[in-house]
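Please read the following note with the sequence and the model open side by side. The points go from one pair of residues to the chain as a whole.

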Amino acid sequence: MTTTTDTIRLAERTRHIGLSPTMKGTIEAERMRRQGIDVVDLGAGEPDFPTPPHVTAAAHAAIDAQFTKYTANPGVTELREAVAHRYRDDYGTSYAMDEVIITAGGKQALFHAAMALFGPGDEVVTHTPGWPTLVEQIKLAGATPVIVRAQPGDGFALTAELLLSGVTPRTRGIVINSPGNPTGALLSEAEARELAREAARRGLWIVIDLCYEKLIYDGVPHNLPKIFADAMRDRVILAGSASKAYAMTGWRCGWMVGPKPVVSAANALQSHSTSNVSSITQKAAIAALTASQDCVTEMLHVYHRRRDQVLAWLAEEPRLRCAVPQGAFYVFPDISEFLSPDGHRTSLDFADALLREEHVVTTAGEAFDAPGFLRLSYATSLERLREGITRLIRFATKGS
């Protein structure tokens, strides 16, 4: 007997979430490459740099030493201590080893936080344009996401007033991504202090996604861990990752830092789902966190040059309006002047046609609850960026 999806009864929770919307272009681009088409990929959400040699060497050494068995579920002691020491050295915070758990990327750390802290009847504030996983994880926990909208006229900056505007008597917490995907916008230190004071007064939880914490430009201060820890240490969760800072997206290594009871709950969740992060990855992450951070600085300088050049190239077409990102490796131009006012040509249609006709991969703003915008990643070479933006402008202005 053949079973179809129409006859399969899935759990209710699966009806309220969707597949990550950023994958469609990647799949189509791969199909085109197999046909020999020259595709310019400006959709990548990962560094184009190789993992630093000293990090891969540590992984090879782990394999050679047969460090290939299970480890302690929350991670090996040396790695948990390395995370705590990294935050101490970078931010001046103080966390013990039992306040750190190593996770399969920052995404799992955020998932643990949602599952440990939020549930039915709770409201959780987060912001848009934003990474869709944050909203989906809140829903998976059974809570209700309350979304506040940052404005392009303010460079999509996050403010205490904006985030607190979504708070009601049912609010349990606020989830923040800074620097943000897709905008590169920040929660400034001044706004963080104001938000921390008010969140502490109201007894709210703050969860901070720091995936891009090492990719901040122009020396802008961004010590969110210290600001929130000083004001409300027992109600703040930090989710970090080796992925973006050390070009380790495929290694799947992140961490949660926070109060011991929450970390213990995350440890229990992880023990019944994925168990420990790969033993080999853990040894590589130790090398990344404890060795010289010059490799991070070098990558940041390259991203900075790319950002400035991409903004200059986009400015060749004045109708492509773009805020200056303060972090991460994306620009998020407004393409609304090239769309149909009646909605017959959306930014999703634009991105699909751009891929089909000019073979440029981008991510439509709809993926981030921001129709009318287009996310471009500059995690690729200047040569490919120049080619991609040339094709983008040619496509946008065709027939105008």
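**Note on the predicted model**

1. Arg321 and Glu337 form a salt bridge in which the closest N and O atoms are 2.5 Å apart. Arg321 belongs to the loop between helix H11 (294-314) and strand S9 (330-331), and Glu337 to the loop between S9 and helix H12 (347-358), so the pair ties together parts that are 16 residues apart in sequence. A salt bridge is defined here as a side-chain nitrogen of Lys or Arg within 4 Å of a carboxyl oxygen of Asp or Glu. Arg321 counts as partly exposed at 36% relative accessibility, and Glu337 is partly exposed with 44%. Buried stands for under 20% relative accessible area, exposed for over 50%, and partly exposed for what lies in between (1.4 Å probe, protein chains only).

2. Some remarks on the basis of these values are in order. This is a predicted model, in which local features need pLDDT of at least 70 and side-chain atom pairs count only at pLDDT 80 or more, while totals for chains, interfaces and linings use all residues. Residues are numbered from 1 along each chain as its sequence is written, and side-chain values use heavy atoms, with hydrogens and water left out. Helices (H or I, at least four residues) and strands (E, at least two) are DSSP runs, numbered from the N terminus.

3. Glu387 is partly exposed at 31% relative accessibility, whereas Arg391 is buried with a relative accessible area of 6%. Salt bridges with shared partners join Asp38, Arg384, Glu387 and Arg391 into one network.

4. A further pair is found in helix H5 (residues 132-140), where Lys139 and Glu136 are three residues apart and thus separated by about one helical turn. Lys139 forms a salt bridge with Glu136, with 3.4 Å between the closest N and O atoms. At 30% relative accessibility, Lys139 counts as partly exposed. By the rule stated above, the count comes to 29 salt bridges.

5. Strand S5 (residues 171-177) also deserves attention. Six of its seven residues are buried, so the strand is largely enclosed by the rest of the structure. Strand S3 (residues 123-128) runs parallel to S5 and is joined to it by three bridges; two strands pair if DSSP finds at least two bridges between them. Gly173 in S5 is the bridge partner of Val124.

6. Five bridges join S5 to strand S6 (residues 205-209), and the two run parallel. Together with helix H7 (residues 189-202), S5 and S6 make a right-handed β-α-β unit.

7. Finally, the chain as a whole has 13 helices and twelve strands. Its radius of gyration, taken over C-alpha atoms, is 21 Å, which agrees with the value near 21 Å for a compact globule of 400 residues; the globule rule is 2.2 Å times the number of residues to the power 0.38. The C-alpha atoms fill a box of roughly 65 × 60 × 55 Å along the principal axes. Of the 400 residues, 53% count as buried.

How values were computed: Right-handed = clockwise from strand over helix to strand, strands pointing away.
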